[in-house]
Amino acid sequence: MRHIGSYLFQAVAYALFAVVIAYFSTDPAYHYLRPGEAEVRLAFKHAAALREPCHKRTQEELLKLPPNMRKPMACSRARSPIVVELEMDGKNLARATFPAPGLHGDGSAFVYDKFPVPVGEHLLTVRMNDSVTATGFPFQVSEKRVLQPGQLLVIGFDDTLQTFTFH
Amino acid sequence: MARIHKLGNSVYVAAERVFNWGFGNRWNPFYHLGSLTFFFFWVVLVSGLYVFVMFETSVGRAFLSVEAITHDSWIIGGVMRSLHRYASDAAVITIFAHMFREFFRDRYRDVRWFSWFTGVPTLWLTVILGITGYWLVWDQLAMYIAVASAELIDWLPVTLGSMVLNFIGSEVSDRFFTLMSFLHLLAFPVGMVFMLWIHVSRISQVAFIAPFGLSMGSLIGLVVLSLLKPAVSHAPATQAMVPTELHLDWFYLNIYPFLDRYGPGWAWGISVGTTLLLILLPWLPPRKAKPAAVVNLETCNGCGGCARDCPFGAASMQPRGDGKKQFLLQSMVDPALCTACGICVGACGASNPYRQANSDLLIGIHLPLFTVDALRTQTNVALESLGREEGRILVYGCDHAAHLERVRMPGVAVISLPCIGMLPPSFLDYALTQGAQGVVVTGCRSGDCYYRLGNKLVEERLAGVRDPKLFTRTDRSRILVFWAGAEDQTRLVERIAAFRVWLIAEEAREPVVAVREKAS
């Protein structure tokens, strides 16, 4: 016959076990963003311009190739790295270079970064250079946005329209 | 490493002492951490099946169906959902308690590396199962986990690197959600069952079922918790917002805040680094394993006792190889599985100290470092050392329980075996007939044998329900069986002292004349 104290001990042990589970299954709360913050994410994939422009093959070059491979235009596979800049209210948030992935460097570059920002009205400017032959930033968009607490603003790039999107 | 083992083990021993008082030896949860984990997995499975029946695996309906389960039929659905979560959390606690206990007890090296090694992927599967479960609710927490997990996967150079775009800036497809459901409901659970099977495949007589009282106590605790604090969802997932405050399940989702703070490189580094460390632990530092048990075909009569009792499946019966036609089988030992515990020696039918009295005692199987002949010699020396003291006691114990040197005193001799399961019962009769007035059999606490089954096998042999049995002629009243772990040192000394007092009183009432005394 067990002592009453041992049954009490068991009850307390089970209760403690449950309390540990109850607490750590939800607490302490994790604050992903501080109160009064929103988040801006740069997120898109983009196939940059070819690193070297295509050139027309000469007759001599064509003759060196097997008959079934005599395409008139010769293009290298490698693409340019992408340079992206993000500014908020005239201050630089990010400037990063994203190389084209793949064994031959011919894939679409994946641009991804995120920034917690204070809520309120902001002027956001995003720029991109996707060609080693281009100077400056051929793609640039500025938008004024009012950000609410916890709002997520995603800046993407629409390959069809060839412009940045804010949504 | 030995210092770490000692320090950690002392913490466990202290806790186990308290729990032995409160729960008793049979229900002490520390002795059933593995089987308790199995029990929690059963609760997860049953509650998960109920939730799955009510669950709708589409992005548009998942959240609503979970809300309906939680609130519309809370007395069953709500409790089942909560049980599903809390039993999963409980499993994490018992898994880690089990893992650390085996580590501190030094039960993860030599041939036992396999169970440790295969436990590591099981850990990963457990965590991934938990994470994918939280995805399915498709609330803000799920969205957060989905994005963060995608960031982790995108960081790996072997992926296409844009998984995260599935969750931001475009609608999540039902097909992706179906994939997650498939992973959580079928693929990972099947993988888990497979890994658990592998995990225990090198041990025999696996304790899959926790004691009824312990299981019911845990279940009642979880049900009460489910009623008092039902598991609830966050707000529904939306791509327009990021969560400011999240109530993470820290048992499963602890990597994500780390990921947010230090980035995916560090998160992978810590996860993979910890995994590698765990995998390599059995060989850090390397050490030479004890030589395995060896079969002596000259005396092996193929009784099968060693194969039946070996806790690690190292001994097996094979067709006879030496042409002795009167025996069909012989014992074979796989050195890769043998822990050199000696339980096979205790199980050998030929292991009888009365045999070959004037020559080396040879039996069917023996430990190279501690033969049964050496055990008989040690017994003889110990009995000799007792002289004519009153209340002469010979203590047979093991190397992994209470320290036997502390019970050594005039009138009490001590012999320590690798495992008490190595002791053939006939040695108890031998000791009593050769001069001891009482014999003490001690070892690890019941259910906590260092070599898993030693004390259980001894109990069955002494009770006459397992071969080799104790002789019927042996006076049971002069045999004290007292299991004593490291936490029971004082109790063992007290118990032996009390036994000795009783023996002396019995001696005064009815003198026992030992065979040796008669001879002299």
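Two strands are taken to pair if DSSP finds at least two bridges between them. In this predicted model, strand 5 (residues 82–88) and strand 8 (residues 120–129) of chain A meet that condition, with six bridges in the antiparallel sense. Within this pairing, M88(A) stands opposite L124(A) of strand 8 of chain A. Both strands belong to an open sheet of four strands in chain A, ordered 6-5-8-9 and paired in the antiparallel sense. Its edges are formed by strand 6 (91–98) and strand 9 (139–147) of chain A, each of which pairs on one side only. From one strand to the next, the twist of this sheet averages 15 degrees.

Pairing also occurs between the chains. Strand 1 (residues 30–31) of chain A and strand 1 of chain B are joined by two bridges and run in the antiparallel sense. Here H31(A) has E245(B), in strand 1 of chain B, as its bridge partner. The contact between the two chains takes 34 residues from chain A and 37 residues from chain B. On the side of chain B that touches chain A, two or more residues each come from helix 1 (2–27), helix 4 (74–104), helix 8 (212–228), strand 1 (245–246) and helix 9 (255–262) of chain B. Helix 8 of chain B provides the largest share of that side, six residues. By class, the side of chain B that touches chain A comprises 20 nonpolar, 11 polar and six charged residues.

The domain assignment divides chain B into domain 1 (2–283) and domain 2 (294–519). The C-alpha centres of domain 1 and domain 2 of chain B are 43 Å apart. Contact between the domains involves 14 residues of domain 1 of chain B and 18 residues of domain 2 of chain B. The side of domain 1 of chain B that touches domain 2 of chain B has seven charged, four nonpolar and three polar residues.

A helix pair was examined in chain B. Helix 5 (residues 113–136) and helix 7 (residues 174–199) of chain B pack with their axes 9 Å apart and at an angle of about 165 degrees. Because of this angle, helix 5 of chain B is roughly antiparallel to helix 7 of chain B. The crossing of helix 5 and helix 7 of chain B is left-handed. Residues of helix 5 of chain B that make the contact include S115(B), G119(B), L125(B), I128(B) and W135(B), while those of helix 7 of chain B include M180(B), H184(B), F188(B), G191(B) and M195(B). By class, the contact of helix 5 with helix 7 of chain B has 14 nonpolar and 10 polar residues, and no charged residues.

Chain B also contains an open sheet of four strands, with the order 7-6-8-9 and parallel pairing. Strand 7 (412–417) and strand 9 (479–483) of chain B are the edge strands, each pairing on one side only. The twist of this sheet averages 20 degrees from one strand to the next. Strand 6 (residues 393–398) of chain B runs parallel to strand 7 of chain B, and six bridges join them. C398(B) stands opposite L417(B) of strand 7 of chain B. Helix 16 (residues 489–509) of chain B packs on this sheet, touching strand 6, strand 7, strand 8 (438–443) and strand 9 of chain B. The direction of helix 16 of chain B makes about 165 degrees with that of strand 8 of chain B.

Definitions and conventions: Residues numbered from 1 in each chain as written. Chains lettered and ligands numbered in written order. Predicted model: local features only at pLDDT ≥ 70, side-chain atom pairs only at ≥ 80, totals over all residues. Axes fitted to C-alpha atoms, helices over the stretch in contact; angles between N-to-C directions. Parallel < 35°, antiparallel > 145°, perpendicular 65-115°, else oblique. Left-handed = near helix turned anticlockwise from the far one by under 90°. Contact = placed C-beta atoms within 7 Å. Nonpolar A, V, L, I, M, F, W, Y, C, P; charged D, E, K, R; others polar. Domains from an automatic or database assignment.
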